[in-house]
Amino acid sequence: MILVTGANGQLGRRIVQHLIARSPAPVAGKLAVSVRDPGKAADLAARGVEVRHGNFDHPDTLANAFAGVERLVLVSTDGPREQRIVQQRNAVSAAARAGIQHVYYTSFLDVAADSPSEFAAIHRDTEAALANSGLAHTLLRLPLYAEGLAMIAGLALEGGVLYLPAGKGAASLVSRDDLAQAIAAAALAPRLDKQVYELTGQVAADYASIATKIARASGRSLVYKAVQETDYIAALVKHGLSIWLATALAKLFAAVAEGRMAATGNDFAALVGHPPKSLDCLIHEHFAPRNKA
Ligand SMILES: NC(=O)c1ccc[n+]([C@@H]2O[C@H](COP(=O)([O-])OP(=O)(O)OC[C@H]3O[C@@H](n4cnc5c(N)ncnc54)[C@H](OP(=O)(O)O)[C@@H]3O)[C@@H](O)[C@H]2O)c1
C-alpha cells in the first residue's frame with residue numbers, strides 16, 4: 001500500500017490524483033492518505049482511497065496512520081522552522097517504527113548548510129533524519145512553484161514593477177501539478193536509479209527576463225527591480241504577512257540571488273517520460289489575456 005501524507009494540501013491532493021490516474025482500478029486496499037482533517041478528504045474516500053487521521057504534531061496518531069504501509073510519500077509541512085523540524089522528525093520516526101519499506105520525501109532544491117534560507121535548514125534536517133533512520137528513501141528535491149510566481153507577479157502587474165530581493169539570481173520554476181506527477185511516478189516505480197532527484201525545469205531564468213516575458217504575454221508593462229531584504233520584509237509585513245513568513249521569503253530570495261535555486265536537469269523527464277511545462281508555457285497559462293468568446 002502507498003500512503004500520501006498532507007493529502008488535503010495543494011501538492012498532496014494532486015499527488016493522490018496522479019497516483020489514482022496511474023494505478024489500475026480499483027485503488028481500494030492499495031492507496032491511502034493521512035490528513036489532519038479526514039472530513040475534508042471525503043471525495044477521496046468516495047473514490048476508494050483509505051482516509052486516515054494523522055497529525056505530525058501528535059506522534060501518537062501516526063502509528064495507526066502508517067500501519068501496514070509499504071511506500072510512504074512524505075509531504076513537507078508548512079509553518080515556522082522549529083515547528084516544521086519537529087513535525088517532520090516525528091513523521092520520520094513514526095515511519096521507522098511502522099517498518100515502512102520506502103519513504104519518498106518532498107525536499108527542496110536548496111539544502112545547503114551555508115544557505116541563508118530557513119527552508120534549506122528545514123529540509124536538510126529532515127534529509128538527515130531520514131539518513132539516520134535506516135529507512136530506504138528517495139529525496140525528491142522541489143524547485144520553486146510556478147504558482148508562487150503567478151501570485152507575486154499578478155500583484156506586481158498592478159504597479160508595473162516586480163520588486164524582489166533576488167538580485168540577478170535565476171530560478172527554475174515548475175507547476176505543482178507537474179511536480180505531483182513526478183512524485184507519483186517515483187512512488188509507483190518498481191525501482192529507481194538514484195536516491196536524489198532534482199525535479200527542476202530544463203532552464204532557469206532571472207527575474208528581469210521573467211518580468212519581460214510576463215509583460216510580453218500579458219500585454220501589460222512589467223519590469224523587475226531588485227530590492228534590499230529589509231525593504232522587502234517591511235513591504236510584506238505592511239501587506240499583512242507575519243514577520244516570520246516575510247523574513248523566510250526574503251531569505252529564500254537571498255538564496256535565489258546566490259544562485260541556489262537555479263539548478264536544471266533531466267531528472268523530471270527520467271521519472272515522467274517528458275520534461276515539465278516550459279517557463280514560456282507557464283507564463284502564457286497564467287498571464288495571457290483570456291479569450292472572451
Ligand atoms: N517549492 C515551493 O515553492 C514551495 C512553496 C510553498 C510550500 N512548499 C512546501 O511544499 C509543501 C506542500 O505545498 P502545498 O502547496 O501543498 O502547501 P499547502 O497547500 O499549504 O499544504 C500544507 C501541507 O502541510 C501539511 N501539514 C501542515 N501541518 C501538518 C501537521 N501538523 N501534520 C501533518 N501535515 C501537516 C498539510 O496537511 P493536511 O493535508 O493534513 O492539511 C498540507 O498538506 C508545503 O507544506 C511546504 O513545505 C514548497
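Strand 1 (residues 2-5) and strand 4 (residues 71-74) run parallel and are joined by three bridges. Strands here are DSSP E runs of at least two residues and helices are H or I runs of at least four, both numbered from the N terminus, and two strands count as paired if DSSP finds at least two bridges between them. The model is a predicted one, in which local features need pLDDT of at least 70 and side-chain atom pairs count only at pLDDT 80 or more, while totals for chains, interfaces and linings use all residues. Residues are numbered from 1 along each chain as its sequence is written, and side-chain values use heavy atoms, with hydrogens and water left out.

Val4 belongs to strand 1, and its bridge partner in strand 4 is Val73. Strand 1 also pairs with strand 2 (31-35), again in the parallel sense, over four bridges; there the bridge partner of Val4 is Val33. Val4 has a relative accessible area of 0% and is therefore buried, where buried means under 20% relative accessible area, exposed means over 50%, and partly exposed lies in between (1.4 Å probe, protein chains only). Along the sequence Val4 and Ala187 are separated by 183 residues, yet their C-alpha atoms are 9.6 Å apart in space.

The pairing continues beyond strand 4. Strand 4 and strand 5 (residues 102-108) run parallel and are joined by four bridges, with Arg71 standing opposite His102 of strand 5. Strand 5 in turn runs parallel to strand 6 (residues 136-142), to which seven bridges join it; here Thr106 stands opposite Leu140.

How well covered are the strands? In strand 2, five of the five residues are buried. Side chains in a regular strand alternate between the two faces of the sheet. In strand 2 both faces are covered, with Leu31, Val33 and Val35 buried on one side and Ala32 and Ser34 buried on the other. Strand 6 is likewise mostly covered, six of its seven residues being buried.

Turning to the ligand, its shell consists of 22 residues, of which Leu11, Arg36, Ser76, Thr77 and Arg176 come nearest; a residue is near a molecule or strand if one of its heavy atoms lies within 4 Å of it. By class the shell holds nine nonpolar, eight polar and five charged residues. In this scheme Ala, Val, Leu, Ile, Met, Phe, Trp, Tyr, Cys and Pro count as nonpolar, Asp, Glu, Lys and Arg as charged, and the others, Gly among them, as polar. Helix 1 (10-22), helix 4 (81-97) and strand 7 (144-145) each contribute at least two residues to the shell.

Polar contacts are pairs of N or O atoms within 3.5 Å; within protein, one atom must be able to donate a hydrogen and the other to accept it, and residues adjacent in sequence count only if both atoms are side-chain atoms. A polar backbone atom of Leu11 lies 2.7 Å from an oxygen atom of the ligand, and a backbone N or O atom of Ala7 is 3.4 Å from a ligand oxygen. From Arg84, an N or O atom of the side chain lies 2.9 Å from an oxygen atom of the ligand. The protein covers 83% of the 880 Å² of accessible area that the ligand has on its own, as computed by the Shrake-Rupley method with a 1.4 Å probe; for residues, only the protein chains shown count as cover.

UniProt, in an unreviewed entry, places the feature "domain: NAD(P)-binding" at residues 6-188; such positions follow the numbering used here, feature names are shortened, and annotations may be inferred rather than shown by experiment. Over residues 6-188 the chain is 45% helix and 20% strand, with the end C-alpha atoms 18 Å apart.

Gly9 sits in the loop between strand 1 and helix 1 and is classed as partly exposed because its relative accessibility is 32%. Ser115 lies in the loop between strand 5 and helix 5 (118-133); its relative accessibility is 13%, so Ser115 counts as buried. The side chain of Ser115 reaches the backbone nitrogen of Ser117 at 3.0 Å. Gly159, in helix 6 (residues 146-159), is by contrast exposed, because its relative accessible area is 63%.
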